[in-house]
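Let's take a walk through this structure together, one stop at a time. Keep the picture open beside you as you read.

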Amino acid sequence: MEINLKEEILRLKKEKGAIILAHYYQRPEIQDIADAVGDSYYLSKVAKDCDEKVIVFCGVKFMAESAKILSPEKTVLLPAIDAGCPMADMADAEGVKELKEKHPNAKIVCYINSSAEVKALSDVCCTSSNALKIIKNIKEEEIIFLPDKNLGGYIQEQVPEKKFIIWNGFCITHKKVKVEELEIAKKLHNGILIAAHPECEKPVRDAADFIGSTGEIINFVNNNSNEKFLIVTEEGVLHQIKSKNPEKKFYIPGGGMSCVNMKKTYLKDVYNSLLNMEYDIKIDEEIRLNAYGALINMHELRR
Ligand code: CIZ
Ligand code: SF4
């Protein structure tokens with residue numbers, strides 16, 4: 001007999017005293033069984049503040065790691081062990097150390113899309129929603145920004161008074177979009193508004209009407225009375241956007257925008273995760289403590 005996965009997940013969740021968190025880029029059926037859906041920073045805060053001692057983090061590894069860094073006493077489970085982030089993997093601890101030696105006066109700002117080891121070497125973390133505020137609040141003139149050259153470039157344009165040393169990483173999902181796809185959408189759908197993520201390349205950002213993080217794109221659409229929108233970020237966000245805005249029309253760039261790693265988590269993986277308590281995120285305590293400092297500094301500097 002085939003088991004009812006949703007029912008079994010809910011039963012196991014209760015039995016194990018767990019909470020299920022899902023990133024906006026997860027599959028719709030995963031978002032629907034989650035107790036909270038949001039961006040990586042919001043979810044790591046939910047993980048920290050909740051009473052549950054077991055967190056099932058449906059997302060990619062750096063997100064589950066961020067939750068573990070903030071809540072070491074809790075069990076943080078990543079249902080799909082091979083769900084990584086190619087952009088986070090583009091920055092390595094050795095390279096960061098070398099840059100630090102070359103630019104001893106610079107502050108290191110790392111995007112939350114980075115490994116625990118890289119966070120541990122950084123002065124402060126940021127997300128796409130708070131990067132500008134954080135960098136403006138740093139007193140030092142020199143900033144090493146990693147790993148995303150697109151988010152880094154976007155912030156640099158807005159803070160010309162600072163000197164930026166930007167890592168050469170990028171998101172393979174956002175890089176795929178070409179400005180021509182935006183131009184085609186404008187021609188096909190008269191009056192369409194384009195909302196793009198700062199992980200997109202500059203020509204795409206320049207052609208957009210609005211640039212923001214996942215949460216900011218969702219708010220932009222919710223609060224705008226326009227009829228049609230082109231959503232230029234991983235298409236998982238459409239699940240929340242469409243359910244809150246049934247009267248509006250949404251389009252995506254012609255080539256589609258799906259992150260292979262974000263789509264590795266199926267209901268079966270969440271079930272197995274709860275059943276077998278896998279895959280338990282472990283971080284070396286010295287690395288965790290240093291990475292914790294960078295995440296806590298993000299809190300301080302985003303004010
Ligand atoms: O921080 C996140 O969750 C990511 C990856 C994107 C965003 O814009 O929220
Ligand atoms: Fe990494 Fe891009 Fe996938 Fe986000 S969408 S997890 S940045 S590869």
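How far does a polar side-chain atom of Ser128 lie from an oxygen atom of ligand 1? In this predicted model, the distance between that polar side-chain atom of Ser128 and the ligand oxygen is 2.9 Å. The protein covers 98% of the 270 Å² of accessible area that ligand 1 has on its own.

Let's stay with the ligand for a moment. Ligand 1 sits in the largest cavity. Around ligand 1 you can find His23, Asp39, Ser40, Met63 and Ile112, and the residues surrounding it also include Asn113, Ser128, His197, Ser213 and Thr214. His23 places a polar side-chain atom 2.6 Å from an oxygen atom of ligand 1. For His197, an N or O atom in the side chain is 2.5 Å from an oxygen atom of the ligand.

Now let's turn to charged residues. Side chains of opposite charge can pair when their charged atoms come close. To count as a salt bridge here, a side-chain nitrogen of Lys or Arg must be within 4 Å of a carboxyl oxygen of Asp or Glu. By this rule, the model has 16 salt bridges.

Start with a pair inside one helix. Asp49 forms a salt bridge with Lys45, and their closest N and O atoms are 3.9 Å apart, which means that the pair falls within the 4 Å limit. Both residues belong to helix H3 (residues 40-49), where they are 4 residues apart, about one turn of the helix. Is Asp49 buried or exposed? Asp49 is exposed, with a relative accessible area of 53%, whereas Lys45 is partly exposed at 32%.

Another pair can be found in helix H6 (residues 93-102). Glu94 forms a salt bridge with Lys97, with 3.6 Å between the closest N and O atoms. Because Glu94 and Lys97 are 3 residues apart in this helix, about one helical turn separates them. Glu94 counts as partly exposed, at 47% relative accessibility, and Lys97 counts as partly exposed at 38%.

Lys264 forms a salt bridge with Asp82, and the closest N and O atoms are 3.8 Å apart. Lys264 lies in the loop between strand E12 (249-251) and helix H15 (267-276), and Asp82 in the loop between strand E4 (75-77) and helix H5 (86-89), so the pair ties together parts that are 182 residues apart in sequence. Lys264 is partly exposed, with a relative accessible area of 26%.

Glu157, Lys202, Arg205 and Asp206 are linked in a network of salt bridges.

Leu146 has its place in strand E7 (residues 142-146). At 0% relative accessibility, Leu146 counts as buried, because buried means under 20% relative accessible area. The C-alpha atom of Leu146 is separated by 6.6 Å from that of Val109, although the two residues are 37 residues apart along the chain.

Ile241 is found in helix H14 (residues 238-244). Ile241 is buried too, with a relative accessible area of 0%. Its C-alpha atom and that of Val221 are separated by 7.5 Å, and Ile241 and Val221 are 20 residues apart along the chain.

Notes
Residues numbered from 1 in each chain as written. Chains lettered and ligands numbered in written order. Predicted model: local features only at pLDDT ≥ 70, side-chain atom pairs only at ≥ 80, totals over all residues. Heavy atoms only, no water. Helix = DSSP H or I, 4+ residues; strand = E, 2+ residues; numbered from the N terminus. Buried < 20%, exposed > 50% of the residue type's maximum accessible area, 1.4 Å probe, protein only. Near = heavy atom within 4 Å. Polar contact = N/O pair within 3.5 Å; in protein donor to acceptor, adjacent residues only side chain to side chain. Areas by Shrake-Rupley, 256 points an atom, 1.4 Å probe, with all protein chains shown as cover. 1 Å grid on protein atoms, 1.4 Å probe; cavity = no way out; pocket = protein on both sides within 12 Å on 5 of 7 lines; lining within 4 Å. Sits in = over half its atoms within 2 Å of the grid points.
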